[in-house]
Amino acid sequence: MIWLSWRQFRASAIVGGLALGLAAVGLIVLGLTIRQDPYVDCTANCAPLAAEFADKYVNLLYFVDAGLLLLPPILGIFWGAPLIARELETGTHRLVWNQSVTRYRWLAVKLLVVGLAAVVAAGVVSGLLTWAASPYDAVAGDRFTGLIFGLRNLAPLGYALFAFLLGTTLGLLLRRTLPAMALTGLLVIVVQILVPTTIRPHFRTPVASEVPMTAGVVANLSFLGADADISGLKIPGALVVSTSRLLGRDGRVVDLDRYHECVSRSPETAPACIEKLDLHVRVTYQPPGRYWTFQVIEVTLYCALAALLAGLAFRRIRPRR
């Protein structure tokens with residue numbers, strides 16, 4: 001049965017192996033190139049080199065991360081969805097079921113062989129990307145962000161397993177390959193957006209603190225609203241969950257007339273003007289020390305969802321009386 005599953009999966013495995021090989025070579029070249037930068041060997045007065053190093057690789061790594069974020073949907077679409085749906089469409093499953101192989105064993109072997117291949121592929125990509133980008137991640141201090149967190153260390157393993165099981169289960173339920181592929185891709189992308197934005201920030205109770213609005217902090221914000229609301233506040237290495245409006249020393253919202261006067265100035269002078277207002281914001285965040293805890297929680301969450309999908313698949317395939 002394992003040999004038969006491999007024969008059926010062989011073409012997809014060869015194509016996936018070639019793509020994985022190309023990705024691995026690209027990531028190795030990227031990692032070696034990053035490590036040739038002068039900043040990596042710097043031992044003293046490295047701040048200017050660090051800023052230059054981050055600016056040099058931020059866009060490149062952003063596009064690499066964005067591209068590799070498509071790996072789970074691809075695994076679900078091309079490895080998961082057709083796995084059972086194609087056999088149900090062509091009727092080849094009846095040949096196996098009429099032999100000595102039970103339905104449960106047939107499904108279990110398929111899930112084991114292809115599911116293991118999906119996890120290994122995600123592990124190789126995740127390991128190489130984590131290694132290649134580690135010097136940049138150490139400088140940027142933003143590995144908790146939505147795009148990066150899901151592509152480093154353990155989390156991609158859970159994503160790959162979940163996407164594969166989702167595609168397989170949808171193929172079993174819909175019994176049609178193309179609809180199962182389309183729905184798998186859509187749902188995996190929805191989950192990839194939903195988890196980082198609404199679920200991950202609340203894995204544990206956030207820490208509350210107050211951050212003074214210095215000129216440097218204000219200059220790095222991505223948005224200053226007319227009603228003294230802000231966005232883009234960063235705490236090095238942390239995951240910012242929420243921020244209040246700009247507050248004065250008395251804890252009330254800043255005098256909007258004085259605030260608007262500062263905001264109306266040029267981008268070069270506005271941060272210093274706002275700093276003179278002696279403002280702060282209340283912020284809740286997940287501290288950097290929780291990174292590995294969140295990695296374990298997230299991979300456990302996706303593995304649990306994958307187990308539920310596998311249980312649904314086995315329940316759906318059981319013989320009817």
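Predicted model: local features only at pLDDT ≥ 70, side-chain atom pairs only at ≥ 80, totals over all residues.
Let me begin with the domains. The assignment divides the chain into domain 1, which is made of residues 1–203 together with 291–316, and domain 2, which covers 207–289. Their C-alpha centres lie 37 Å apart, and the contact takes 7 residues from domain 1 and 9 residues from domain 2.

How much area do the two domains bury between them? The value is about 670 Å², with 58% of it on carbon and sulfur atoms. On the side of domain 1, the residues that lose the most area to domain 2 are G141, F144 and P201, which together account for 61% of what that side buries.

As for polar interactions across this interface, there are 3 residue pairs in polar contact, while the count of salt bridges between domain 1 and domain 2 is 0.

Side chains of opposite charge can pair when their charged atoms come close, and a search of the whole structure finds 7 salt bridges. I will take a few of them in turn.

One is formed by K56 and D37, whose closest N and O atoms are 2.7 Å apart. K56 sits in helix α2, whereas D37 is in the loop between α1 and α2, and the two are 19 residues apart.

Another salt bridge joins E298 to R200, with 2.8 Å between the closest N and O atoms. Because E298 belongs to helix α12 and R200 to the loop between α8 and β1, this pair ties together parts that are 98 residues apart in sequence. Here E298 is buried, with a relative accessible area of 0%, and R200 is buried as well, at 1%.

The next pair is R249 with D278, where the closest N and O atoms are 2.7 Å apart. R249 lies in the loop between β4 and α10, and D278 in the loop between α11 and β5, so the parts tied together are 29 residues apart in sequence. R249 counts as exposed, at 72% relative accessibility, and D278 is partly exposed, at 34%.

Conventions
Residues numbered from 1 in each chain as written. Heavy atoms only, no water. Domains from an automatic or database assignment. Contact = heavy atoms within 4.5 Å. Buried area = accessible area lost by both parts, 1.4 Å probe. Salt bridge = Lys/Arg side-chain N within 4 Å of Asp/Glu carboxyl O. Polar contact = N/O pair within 3.5 Å; in protein donor to acceptor, adjacent residues only side chain to side chain. Helix = DSSP H or I, 4+ residues; strand = E, 2+ residues; numbered from the N terminus. Buried < 20%, exposed > 50% of the residue type's maximum accessible area, 1.4 Å probe, protein only.
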